[in-house]
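User: Hi! I am new to this structure and would like to know how some of its residues get their labels. Could you walk me through them?

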Amino acid sequence: MKFQAMELLFGKNTPKQMIPKVTLLVIFGILLFTITPLSYPLFRYSSSLKKNESIQPSSSFDDLNESSSLPLTSMKKCDIFSGEWVPNPKGPYYTNKTCWAIHEHQNCMKYGRPDSEFMKWRWKPNECELPIFNPFQFLELVRGKSLAFVGDSVGRNHMQSMICLLSRAEWPIDISYTRDDYFMRWKYESYNFTMASFWTPHLVRSKQSDLKDPGYTGLFNLYLDEPDEKWITQIEDFDYVILNGGHWFTRSMVFYEEQKIVGCHYCLLENVPDLTMYYGYRKAFRTAFRAINGLKNFKGITFLRTFAPSHFEGGVWNQGGDCVRTKPFRSNETQLEGLNLEYYMIQLEEFKIAEKEGRKKGLRYRLLDTTQTTLLRPDGHPSRYGHWPSENVTLYNDCVHWCLPGPIDTWSDFLLQMLKMEGVRSIEEKLR
């Protein structure tokens, strides 16, 4: 996704008196924030240690000071999602010993992963620098706001990464309405910032066949024209929503529309046409976006976090596939193809439709384009290091989720940069 240059706001032929005062104030505020030294956040951190003695940053704050002094990439055109992974000896910025939020199955170092270099890379866009995530800047930007992660367990993986990154500034308190780990809410009291996760593997209403039924086939019934109420009824008051989905659509599914079976994906049912997984995937995102655009009081920004490819080699997930690489790919060593390409293109197409419709209601959509970034990281998955080898469990090698610390910490680098740009971009859109 391209960021527009500041020249669009202050062209050579634009008289100063024609620029609204509000516009100038907003631009000034954004620039002032990004160049303000971090002495205030550092002071806040030192004082918070009295309340949280166990907080111990795994790295110095030198990199945060350096990144805060960099100019906004809005000063020139830059596609932050096109680039390469480069070594970062300063990483990681937390460990599995300093952050309790890491899910057990993604706690790779705890369960004996022998290498650690996968934690020491950062994303370098081709045309600019992407600052490392600064927890203090982020929390100031979202002060008094709320963020929802909507989608599958990779979305939860993302939220847990962010909790760990933010732990250098503050730990959240649990304000969840339920004890269900799939639906958690966290609040950063000092900033009045709330973060929540809503697990919905298909985005639309879905139901798995009865496991106790002797005729159980493992099928999921997907009601493609009905958004999952577990999330759509909850997000109306959120300021930011990050939507994701993908991996669950490879499973056997029966598709319903208007309460009638219209087809399936690999269901092997008589007289039911196989419409492929891509039909269900497209319909699910279309329904999810339409539901968001149909909310009466939603005024937030919707981010589509694009599909993060898995990296099974030597077989599929349940037939011996594994991910044992220890270094990232270069961009010329692999390419988006097959399922990954189809998913990505469907997301982009449906996103553009939703963005156009949402604009009529004053809603904003943003593309958090993580696909290429994660495609290049076959080394970042847990594989077998999500449990002890001696445990009596049936778990396949995990090449879908991501080790923490790990590559998806960079997703927060992207998000912070996009939020820092949001004021400028919103003004540009209004001036079109």
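User: Where does L203 lie?

Analyst: L203 lies in the loop between β6 and β7 (204-208). Strands here are DSSP runs of E with at least two residues, and helices are runs of H or I with at least four residues, numbered from the N terminus. A word on the background: this is a predicted model, where local features need pLDDT of at least 70, side-chain atom pairs count only at pLDDT 80 or more, and totals for chains, interfaces and linings use all residues. Residues are numbered from 1 along each chain as its sequence is written, and side-chain values use heavy atoms, with hydrogens and water left out.

User: Why is L203 called buried?

Analyst: Buried means under 20% relative accessible area, exposed means over 50%, and partly exposed is in between (1.4 Å probe, protein chains only). L203 has 0% relative accessibility, so it counts as buried. L203 also has a positive phi of about 70°, although it is not a glycine.

User: And what makes N192 partly exposed?

Analyst: Its relative accessible area is 41%, so N192 is partly exposed. N192 sits in the loop between β5 (185-188) and β6 (193-199), and its phi is positive too, near 50°, in a residue other than glycine.

User: What is the omega of the bond from L404 to P405?

Analyst: Omega is near -5° there, and the bond is cis. P405 belongs to the loop between α9 (371-375) and α10 (410-431).
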